[in-house]
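Here is a friendly walk through one protein model. Have a look at it first, then read on.

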Amino acid sequence: MQEGPFLVRTRYAPSPSGTLHIGGARTALFSFLFAKHYGGDFVLRVEDTDRARLVSGSEEALMRSMESLGILWDEGPDVGGPYGPYRQSERLVEHQRYAAQLLDEGKAYRCYCTPEELDAARKARQAQGLPPRYMGTCRKITVDDPIHQTHKPYVLRLKIPLSGVTVVDDMIRGHVSFDNAILDDFVIVKTDGTPTYNFAVVIDDWAMHISHVIRAEEHLSNTPKQILVYEALNFSLPQFAHIPMVLAPDRSKLSKRHGATSVEEYAAQGILPEALANYLLLLGWSAPDGREFMTVADAIPLFSLDRVQHTAAVYDQKKLEWMNAQYLKSLPVTTVAQAVRPFVEKLGITMEHGPSLEEGVELVRERAHTLQDLAEGMRFLWQNPEEYDAKGVDKHFSNPEVVARLQALAETMEQLSKDQWHHDGLVQAFDQLATQLGIKRAELIHPCRLALTGRTVGPGLFELVVVLGQEETVARLLTVATALSRGALKLEHPIG
RNA sequence: GACCCCAUGGUCUAGAGGCCUAGGACAUCACCCUUUCAAGGUGGUAACCCGGGUUCGAAUCCCGGUGGGGUCACCA
C-alpha cells in the first residue's frame, strides 16, 4: 500500500468473444503487477453484456490463458468474492436501477429516434463535413409529452453539459482534456434495456471498488464519457492509467492476418508461457536495473507505472523466440519434458522403447527455439530415419569406402563394453578406428550422424550416440550400410 | 474529417538539461570455438523525425510541422 487508506484494487475486464489476445494479456499483466506491487487485489470481470458476440467456451479459455501466464485473480466469476457478481450480465438489475435514478433526476432522457433516423442524420452531418454526433432531438421532449404514453421503443441517453471541458487525469499521460462540445448525449441503455459499455463499466468499477482503472490506450477517448457518468451518479473517480497498444510489425493493429496473436496460438507454437509472460513484460515496460530475464513474480517488486512507455510497441516474434530459447535452456529438465510431451506425441512418436524423454530434452534443448523444434529435434531417438538428407548423402555417402567404414564402425561399436559406452570411450573408439582406416575422425563422424539421424545437423555426435544406445546405434549403422550397398537409400529433398 | 495520444537504430528499450564521441537486448554482419547445426565468446554496421525557439549548454524544456497510433455505434 502506497498512499491513502484505500486498498489498491485493479481489474481486467475482457469480453468473452474470443481468445486472450497478447495485447489484452499484457494489459492484464500490467494491471496484475500494479495491484500486487502495492499488496492489493486483482479482479477478473467478464463483460458479457453483448450476447450477440458471445463465444461459448471463451470465458474458460480466457481464464486458462491468464493462469498459464501467471496472471492470477483474487476475485472473479469462478472464485467469486465480496464485490460480485463478476459477470457484467448478472449486474443488470443494478445497471437498470442507476439508469432509472438518472432518468428520475433528469440527468438522462428517453430517446425515440430510430436507428434509421440516426443513421440518416449521421450521414447528413458527415456529408457536410461535420462530426457525426447526436444532435439532441429528444433532449427537448418534456416529461409530460404524450409520446411517453405510446409504446414506441426508446433508449436512454445521458444529458451531458453543452460546454466546458472534461479532464482525464491519467497516471501515464497526465492531464488530458476534452471539450464537452465535441461529445454528444450518448446512449447508456439500449432499446432492450441492457446497458452500454460506457455506462456499465462505470457502475461495475464503482461497485467492485476498483481503485485504479488500468487499460489499453484505445479507451482513453472513451474516458471523458465515463467521467460524465461518474459525475451524474455522484461516484468518486478512480485513478486512470492508459497503457500503450501492442502493434503488428507493420505498425497496424494486430489481427489474424499477422499470424499468431493469441496466447493459445503461441502455446500451440511451442512458446512456453513463462517466456511469453517475460516477453510481454518487456513490451512497454523496463526494469529499473535494465534486467530483461525475469519471471512475473520477480517483476512484482520492480513494477511501476512510471516506467511504462508512452509509445505503442511493435511485437517481435524473433525476440519472443529468443526469449523462449532462454527458458528452454534454463528451466528444469522435468518441466521442459512435461511441456514438450504433447508435441512429441503429436508427431506420432511413441517413447516406450529407447531413451527417456528427459534424456532427449537434455540432449537437444540447447539448440531449440520452440517446443516444436525440440520435439522435431528429438524424433530420431525413438524413430528410425525413413529418409536421409539428400545433400548430406551427396556429401558424406558418395565415397565408395563408406559402406565398409560404416560396417567397421558398427563392428567397433558392437565390441564396446557397457562401461566404455560414454563420451570419452566413444571418442577413443572412433579415434582408433580412424587411425586404423587412415582417415580423419570427421570422416567417420559425419557419415555416422547421417546414418543415425538422417540429418546433417543436430547434437554433438558422441552425446547423441550415448543417449541412443549401443543396440540401436549398431542396428542403424548396419541398416544404412546395407541399403547403401544396394543403392536403396531413400532421400529426403529439402522443401522448396 | 474532427478530437485525443505518441515520436531514440529494423524491433524492444535506457536516458528525467551538462555524466551522451547516445547505453543494453533481439535481429543482422564478421571472426573465434568446433564433428554438423545451434549455443557461447569477441568485434562491427545501425537511432535522438524535421524546423524554430528557451539556455552558457538540449535526445532531454516550449511552439509549429510531419509522421504513426487511437476514438468517434443501441460493440466491449
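## The pocket and its surroundings

Helix H1 gives the largest pocket the biggest share of its lining, four residues. Helices (H or I, at least four residues) and strands (E, at least two) are DSSP runs numbered from the N terminus. Keep in mind that this is a predicted model, where local features need pLDDT of at least 70 and side-chain atom pairs count only at pLDDT 80 or more, while totals for chains, interfaces and linings use all residues. Residues are numbered from 1 along each chain as its sequence is written, chains are lettered from A and ligands numbered from 1 in the order in which they are written, and side-chain values use heavy atoms, leaving out hydrogens and water.

Back to the pocket: E1, H1 and strand E8 (212-216) each supply at least two lining residues. In total 41 residues line the largest pocket, and Tyr12, Pro14, Ser15, His21 and Glu218 lie nearest its centre. A pocket here is an open set of points on a 1 Å grid over the protein atoms alone, where a 1.4 Å probe fits, with protein on both sides within 12 Å along at least five of seven lines; lining residues have an atom within 4 Å of a point.

What about the strands? E1 (residues 9-12) and E2 (residues 41-44) pair in the parallel sense over four bridges; pairing takes at least two DSSP bridges. Between E1 and E2 the chain passes through H1 (residues 22-37), a right-handed β-α-β crossover. Right-handed means that, with the strands pointing away from the viewer, the path from the first strand over the helix to the second runs clockwise.

E8 and E9 run parallel too, joined by five bridges. The chain gets from E8 to E9 through helix H6 (residues 223-233), and that β-α-β crossover is right-handed. In E9 (residues 239-243), four of the five residues are buried. Buried means under 20% relative accessible area, exposed over 50% and partly exposed in between, using a 1.4 Å probe and protein chains only.

| Residue | Relative accessibility | Class |
|---|---|---|
| Thr261 | 8% | buried |
| Asn234 | 62% | exposed |
| Arg251 | 53% | exposed |

Asn234 sits between H6 and E9 and has a positive phi of about 60 degrees, although it is not a glycine. Arg251 has a positive phi of about 70 degrees and is not a glycine. As for Thr261, its contacts (heavy atoms within 4.5 Å) include His21 and Tyr266.

Key: Lists of a residue's contacts leave out its neighbours within four places in sequence.
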